[in-house]
Amino acid sequence: MSDYEHYEALVVGAGPGGAAAAATFANYGIETLVLERGVEAGSKNVSGGLIYAEESAPYTIDDLFPGFREAAAERPITKYRIHNIAGDKVESFDLTDLHEHDTEWSDSVLRRKMDSWLEDRVHERTRETGGGLLTGVHVNGLLREEGRIVGVTLDELDPITADIIVAADGVNSELARDAGLMDWDEPDEWFQGVKAVVDMPEDAIADRFDVADDEGAAHLFSGDLFEGVRGGGFLYTNRDTLSLGTVFHLDSLVAEEAEPHQLLDALLTHPLLAQWLGDDYTELEYSAKLVPDSKKVALREPHFGRLLLVGDAAGQMQAQGPIIKGMNHAVTAGALAAESYAQAKSRNEPEKAGTRYARKLRSEGVMKKLRPRGYELLRGVAEDDGVTDVVDTVLTSAVGRAGIRALSGRLERLYNVPTLSALMPDTRTPYVTLPTVIAEELGTRVRDQSSVTPPDLEARIGGLTYDTDIGNPHITLRDESYEASGAAVAACPVSAVDFGGGCYREEVVRTNGSEERVVSLDTQPCVECGTCAVVADTEWTHPRGDKGVEFKWG
Amino acid sequence: MHMVVLTKGVPDFREGQVSFDEDGHLERGKTPTVMNPNDRFALEAALQTRIRHGGRVSVMSMGPPGYKEVLREAMETVYADDLHLVSDREMAAADTWATAITLSAGIETLGEPDVVFAGFKTADGETGHTGPQTNWCLDMPLVTHVISLDIDEAEGTLRAKRLVEGDIEEIETVETELPAFVVADPEFEPSYRTAGERLTLKDLREETRARAENYEEHLTVRDHADINVDPDYIGLDGSPTIVSSVDPIPKAPAEREATMVDPEDTGAMQDVLGAMQSAVGDDAGDAAAAGGD
């Protein structure tokens, strides 16, 4: 082996998955180096975000990091409701039972605060092993020798080798793609989430959401308020802010040519939210993120040689109707990955860490949650377009409506059955048609009027902090034709049709008397969500360490 | 390795900080004192040496007691271990020669450092003499305009890249024995290409945070007796330079008049167009008018 710098374990990414892996390595006394590309852990991260500690999970974040809830989280979520919306008619169900199923606790979190707290603990514990945590360092690929993965390459440092590499580098993992384990090909494998963090004093939260100091509320929204795009909205109470956002299937966003920021605005300005938002709306941060749909992309064997993938990098994000769990699975996976290596090494067969890790994901029940068997069985029928049309026609007919009315007393209970959520097909039926019919047939009219005026896209971009890597764009367009890359103009959360200040713009080029529609790209306002990697033809990488967008809330 | 870095307090010449009187003279009382900006590169060079080879960094300055704050700033930049201020009324109004004698005597009280670092000229005097003259007293090999450096501890040598004639287009590599005197160029860039170096840097930063808060515990102030120099050779008495007068540089006279025009005001805009046409000559004006049709 060449004389590269070497660490026994290398963890790429200091989110919850990377932190859990690093802490577990450190518990086994394994020399561990953690590399994070942001200026601080959390500065590149966005989540809804609720973090769960599941009763059935072998590892939870507060097992690994005592004091986590008090220091790094916002509020325990004690109320969980879903609102079915049709115009100004709303039918709400209490989903607290579903929320509490297999739940030890669940807290709202803001990622900058959470991850930066974890960063300090991870550095302290890994430093004792002879390693440590570095920020501002971008791992850009895998180092191979004789075809085998032996380490990583970086923008800021010379290559580093390791006996085990944990890629916890997020949904757009460059390591997973370098290893050929993930791609960005199919829009229907991803969701896109956009979020606004909104300022609200603690007493206003207590008052408007009827929660005590140690309580919090979560509200979900579905129905006809999103122009038929498959997805929904959420509102979570933090300590003295709210997290409000929308999450849509990326293929549906593209098909409807919808503008994500406008769909978010549709939620923010709906009369139902007036009771909570009042008339003093102050948006602190606009952000966006790509979310893997674990039902389709969670890797059954998330490893290749010395490389183990955890969290979003491995597609481990469970978004099944009202069940939205990602960070807890990343924590479990990170700890299992590290544990698998430690055990394999003690048996003198470190090369078996990967298969051991995949086996643990199955035996500990993680894979079953990420890829419910019932969904796989039903998917072929339930996601057939013809079947969806028939179901929707029946649902919206007099017969279907009568059925909904007849079920009215039991609907709330049905929504609370976890196995039913896991079966939900990715069609417009559960996301749009059913909630709309429920609201139309059973809902009551909202009398409030919204006085919320959300900032426009220009103001939202203007409010973000960037350290632009001038002259070194991290994304380049491979094909600038409208056919190949035009979908990004609408789908990119910081671009819009007829808006010149975003990343993607449509332009008409006149050559030899003919006109051609092309797309141009300026990465300055990029929020690094990865949407365009899927919907446009790009050469996509993350910016160098410390560069690009810096989320203050996340 | 023991490194000594020389620094100086200078008026903060940044816009909004610096203050001049009506005659264009610097108002020293109203202008804050900061660490000489060029000294940052000397400090960075010392820090890089320490990260790579370990050891101790001392920072030294000559000046009034108020320079303690400058030394604290230096400590935070270089994570220095100890600070040294040579301060005495006898040292006041020294030119670069007297300063060099004072500093070299100060350095000698610290033992035999392996490398002494200085910055490339100060923001106030702008002479660039003090570093090399100090080294003339110390009589070590001198390398100036250093933009990168490497030390071979086993061989006891220092290899540096330096700008020839201060020109970024012309770079030479020189090698010398330790101990040596290094003047860092503003083009100096520290390079930390291994995780190990960056982790050491992070440790030092953490350690220094506590140290900088109580920096006076790590500061030694010495007068001329402490460094064993004759008062006749330092301060004003030891300065052969005679400054006969200082002339303010006159402001460049404004040769052009500016008029603000509201772009909404069509009449005024018409006047602008007319002025542009007459400025470029009638032919061009006709062309512009034709283009406008």
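Modeller: Gladly! Let's start with a term: a salt bridge is a side-chain nitrogen of Lys or Arg within 4 Å of a carboxyl oxygen of Asp or Glu. Keep in mind that this is a predicted model.

Colleague: How many salt bridges are there between domain 1 and domain 2 of chain A?

Modeller: The count is two. For a salt bridge to look at, take Glu376(A) and Arg300(A), whose closest N and O atoms are 3.1 Å apart.

Colleague: Which elements give two or more residues to the side of domain 1 that touches domain 2?

Modeller: In chain A they are strand 3 (50–54), strand 18 (318–320) and strand 19 (323–325). Strand 19 of chain A gives the most, with three residues. By class, this side of domain 1 has twelve nonpolar, seven polar and six charged residues.

Colleague: And what is the area buried between domain 1 and domain 2 of chain A?

Modeller: First the general idea: the size of an interface is often given as the accessible area lost when the parts come together. Here, domain 1 and domain 2 of chain A bury about 2,400 Å² between them, and carbon and sulfur atoms give 62% of that.

Colleague: Which residues in domain 1 of chain A lose the most area to domain 2?

Modeller: Look for Val46(A), Glu74(A) and Pro322(A), which together make up 25% of what the domain 1 side buries.

How values were computed. Residues numbered from 1 in each chain as written. Chains lettered and ligands numbered in written order. Predicted model: local features only at pLDDT ≥ 70, side-chain atom pairs only at ≥ 80, totals over all residues. Heavy atoms only, no water. Buried area = accessible area lost by both parts, 1.4 Å probe. Helix = DSSP H or I, 4+ residues; strand = E, 2+ residues; numbered from the N terminus. Nonpolar A, V, L, I, M, F, W, Y, C, P; charged D, E, K, R; others polar.
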